[in-house]
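Here's a quick tour of a model for someone who likes to know the cut-offs behind the words. Have the viewer open and follow along.

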Amino acid sequence: QVNDPSDQVVCNGGTTASVNFTTNNTGGTTTYSWTNDNTSIGLGASGDGDIAGFTAVNNGTSPEVATIIVTPSFSNGGEDCSGATQTFTITVNPSGQVNDPSDQVVCNGSATDTVKFVTNNTGGTTTYNWINDNTSVGLGASGSGNIDAFIAVNNGTSPEVATISVTPTFSNGGESCSGESQTFTITVNPTAQVNDPSDQVVCNESATDAVNFTTNNTGGTTTYSWTNDNTSIGLGASGSGNIDSFTAINTGTSPAVATITVIPTFTNGSESCSGPSQEFSITVNPTPNVIATPFS
């Protein structure tokens with residue numbers, strides 16, 4: 001006779017408890033032989049006597065269950081008597097696993113995508129804990145479960161990068177098994193910005209100064225588009241990039257004022273973020289004209 005050993009659930013890489021077979025029989029010697037139907041867990045196919053603790057193995061994605069059958073043999077007076085077998089299991093859970101979430105790049109003031117953590121593991125429950133190294137983007141320092149969409153924040157002049165590390169834990173049979181963490185980033189681009197160009201006043205048929213747009217933003221590329229509300233001065237109605245010097249025109253008798261509006265766009269990580277416009281003017285004075293007072 002052999003007492004039924006307790007079932008065990010352990011993690012991949014963990015150490016099993018020793019299995020020390022016991023019996024209620026006395027007055028002789030009881031020995032034990034056993035067989036195992038799943039050697040992938042790190043235990044041999046058969047053996048005699050107690051089973052020492054061993055390092056459990058499960059490199060798969062679901063629990064591995066080994067069924068072990070132990071047969072007792074009672075010896076006394078030169079006679080060996082076998083008895084009823086007992087069956088128990090050693091279940092080896094896989095390590096927790098999480099698929100690597102996609103990196104994100106968003107604009108200041110925009111909503112991020114929800115981060116839904118997923119795993120390839122089955123046969124149990126996987127939970128997730130995460131930490132964030134840059135709370136200035138609008139996300140807390142830590143949390144559990146999926147990350148809901150939030151309004152991204154960057155009030156600076158260069159991209160803010162938050163590195164988030166998520167750790168999975170697989171639970172089955174009362175045993176929780178952590179796994180390798182995955183790291184991803186949420187980058188928040190700043191709002192595009194352009195410095196206000198200087199107004200200009202020039203004479204008819206004189207050359208304007210070139211307008212070279214500038215920004216305080218760094219860490220990406222800022223481009224500029226502009227519109228002009230008075231093409232009579234010799235400048236087109238719209239364009240992109242800097243405005244080259246051109247010959248100003250005013251064939252009238254009073255100053256001609258063109259108001260130019262420039263809109264900046266900041267691009268980083270394939271995400272383009274527009275910003276507030278700036279306005280400046282180019283005034284073209286007319287050529288002076290005199291009317292003669294007749295001689296008497």
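**Ground rules**

This is a predicted model, so to speak of local features a pLDDT of at least 70 is needed, side-chain atom pairs count only at pLDDT 80 or more, and totals for chains, interfaces and linings use all residues. Numbering starts from 1 along each chain as its sequence is written, and side-chain values use heavy atoms, with hydrogens and water left out.

**Overall build**

The chain has 0 helices and 18 strands. Both kinds of element are DSSP runs numbered from the N terminus: H or I with at least four residues for helices, E with at least two for strands.

How far does the C-alpha trace of the chain span along its principal axes? The spans are about 160 × 25 × 20 Å. The radius of gyration is 39 Å, while a compact globule of 296 residues would come out near 19 Å. That radius is taken over C-alpha atoms, and the globule rule is 2.2 Å times the number of residues to the power 0.38.

Of the 296 residues, 35% count as buried. Here buried means under 20% relative accessible area, exposed means over 50%, and partly exposed is in between, with a 1.4 Å probe and protein chains only. The chain exposes about 15200 Å², and carbon and sulfur atoms supply 46% of that area. Accessible areas come from the Shrake-Rupley method with a 1.4 Å probe; for residues, only the protein chains shown count as cover.

On to contacts, meaning heavy atoms within 4.5 Å. Among those in the chain with a separation of 6 or more, 66% are between residues 24 or more positions apart.

**Cysteines**

How many disulfides does the structure hold? There are 2 disulfides, where a disulfide is a pair of cysteine sulfur atoms within 2.5 Å.

One of them joins Cys 11 and Cys 177, with the sulfur atoms 2.1 Å apart. It links distant parts of the chain: Cys 11 sits in strand β1 (residues 8-11) and Cys 177 in strand β11 (residues 175-178), 166 residues apart. The link of Cys 11 and Cys 177 is left-handed, with -90° about the S-S bond, and both cysteines are buried.

Cys 107 and Cys 273 form a disulfide too, and their sulfur atoms are 2.0 Å apart. Cys 107 is in strand β7 (residues 104-107) and Cys 273 in strand β17 (residues 271-274), so this pair ties together parts 166 residues apart in sequence. The link of Cys 107 and Cys 273 is left-handed, again with -90° about the S-S bond. Number the bonded cysteines in sequence order and the pairing reads 1-3, 2-4.

Here are some cysteines with their relative accessible areas.

| Residue | Relative accessible area | Class |
|---|---|---|
| Cys 107 | 8% | buried |
| Cys 273 | 3% | buried |
| Cys 81 | 39% | partly exposed |
| Cys 203 | 45% | partly exposed |

**Strands around β10**

Two strands pair if DSSP finds at least two bridges between them. Strand β10 (residues 160-172) runs antiparallel to strand β8 (residues 125-132), and 8 bridges join them. β10 is also joined to strand β12 (residues 182-189) by 7 bridges, and these two run antiparallel.

Ile 164 is a handy place to look at both pairings. Asn 132 has Ile 164 as its bridge partner in β10, and Ile 164 in turn has Phe 184 as its bridge partner in β12.

β10 pairs with β11 as well, in the antiparallel sense over 4 bridges. Asn 172 stands opposite Glu 175 in β11. The two strands, β10 and β11, form a hairpin with 2 residues between them, and Gly 173 in the turn has a positive phi of about 60°.

**Positive phi without glycine**

Which residue in the loop between β13 (200-203) and β14 (221-228) is worth a click? Glu 205 lies there, and its phi is positive, about 70°, although it is not a glycine. Glu 205 is exposed, with a relative accessible area of 64%.

Ser 270 also has a positive phi of about 70° although it is not a glycine. Its place is in the loop between β16 (256-268) and β17. With 78% relative accessibility, Ser 270 counts as exposed.
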